[in-house]
Amino acid sequence: MAVQKSTNITWHSTTVTVEDREQLLNQKGCVVWFTGLSGSGKSTLANAVAHLLHERNHHTYVLDGDNVRHGLNKNLGFSPEDREENIRRVGEVAKLFVDAGTIVMTAFISPYRADRDQARELISDNRFVEVLVDCPIDVCEERDPKGLYKKARAGEIKEFTGISAPYEAPKKPEIVVNTAELSIIESAQKVITFLESTSLVPSKK
């Protein structure tokens, strides 16, 4: 866990509240946290949900694992310690998006249960929606869109989740989606239906 090194700092409240922003946006800020193996469809599904919500005039943003590692987390590798710090930073960024009233989708393998739980603790529990993208590893390997499984099997990639590093599935996710059985649109609609049922977004009229 990262140790805070800053001293003599004070949290400053804002004049415009999160309730003000949510009223303007006609939605509630929340995190939809997609977790699953590489190739399970996390990024594709996150973007599909964002697209469908955007068509309904909702304000969304997708934090994608690879994209975040191009900038904010470019100094981190894939050791257990670096994976923990990667998710810690993402959780803090997601918290800011929630405060802005945005529906933020995070698409990260996030293999460790404790790291995801830590992210949940940062955010009001009813604003954190954990989605297990539950796709069998053999299907993920068949897809292998980045050729990573092939490299991992050949020993070219160390500490690869599902092959040489563990994946701890959520015990009680809000949503489970099997992308081997459902289409991306069916999967995305399942997520949106949950958001409607919890009043994070208004039901479509």
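This is a predicted model: local features need pLDDT of at least 70, side-chain atom pairs count only at pLDDT 80 or more; totals for chains, interfaces and linings use all residues.

Student: OK, how many residues of β3 are buried?
Tutor: Five of the five in β3, residues 103-107, are buried. Buried means under 20% relative accessible area, exposed is over 50%, and partly exposed is in between, using a 1.4 Å probe and protein chains only. Strands are DSSP runs of E with at least two residues, helices are runs of H or I with at least four, and both are numbered from the N terminus.

Student: And which residues sit on each side of β3?
Tutor: I103, M105 and A107 are on one side, V104 and T106 on the other, and they are all buried.

Student: Which strand stands on either side in the pairing, and how many bridges are there?
Tutor: β1 (residues 30-35) is joined to β3 by five bridges and runs parallel to it, with F34 opposite A107. β2 (residues 60-64) also has five bridges to β3, again parallel, and there L63 stands opposite T106. Two strands pair if DSSP finds at least two bridges between them.

Student: Switching topic: what's the volume of the largest pocket?
Tutor: About 680 Å³. A pocket here is an open set of points on a 1 Å grid over the protein atoms alone, where a 1.4 Å probe fits, with protein on both sides within 12 Å along at least five of seven lines; lining residues have an atom within 4 Å of a point. Points are joined across faces, edges and corners, and the volume is the space filled by probe spheres set on them.

Student: What lines the largest pocket?
Tutor: 31 residues, with S38, D66, I109, K146 and L148 nearest its centre. The elements giving two or more residues to that lining are α2 (42-55), α3 (65-70) and α4 (80-99).

Student: Rings next. How many aromatic pairs does the search find?
Tutor: Four in the whole structure. One of them is Y61 with F97, stacked at 5.2 Å centre to centre and 15° between the planes. Rings of Phe, Tyr and Trp (its six-membered ring) pair if their centres lie within 6.5 Å; planes under 30 degrees apart are stacked, over 60 edge-to-face, and the rest tilted.

Student: Where are Y61 and F97?
Tutor: Y61 is in strand β2 and F97 in helix α4, so the pair ties together parts 36 residues apart in sequence. Y61 is partly exposed at 44% relative accessible area, and F97 is partly exposed too, at 22%.

Student: Which residues form the aromatic cluster?
Tutor: W33, F108 and F128.

Student: What sits over the ring of F78?
Tutor: The charged end of R69, 3.9 Å from the ring's centre. The rule is NZ of Lys or CZ of Arg within 6 Å of the ring centre and within 35 degrees of the ring normal.

Key. Residues are numbered from 1 along each chain as its sequence is written. Side-chain values use heavy atoms; hydrogens and water are left out.
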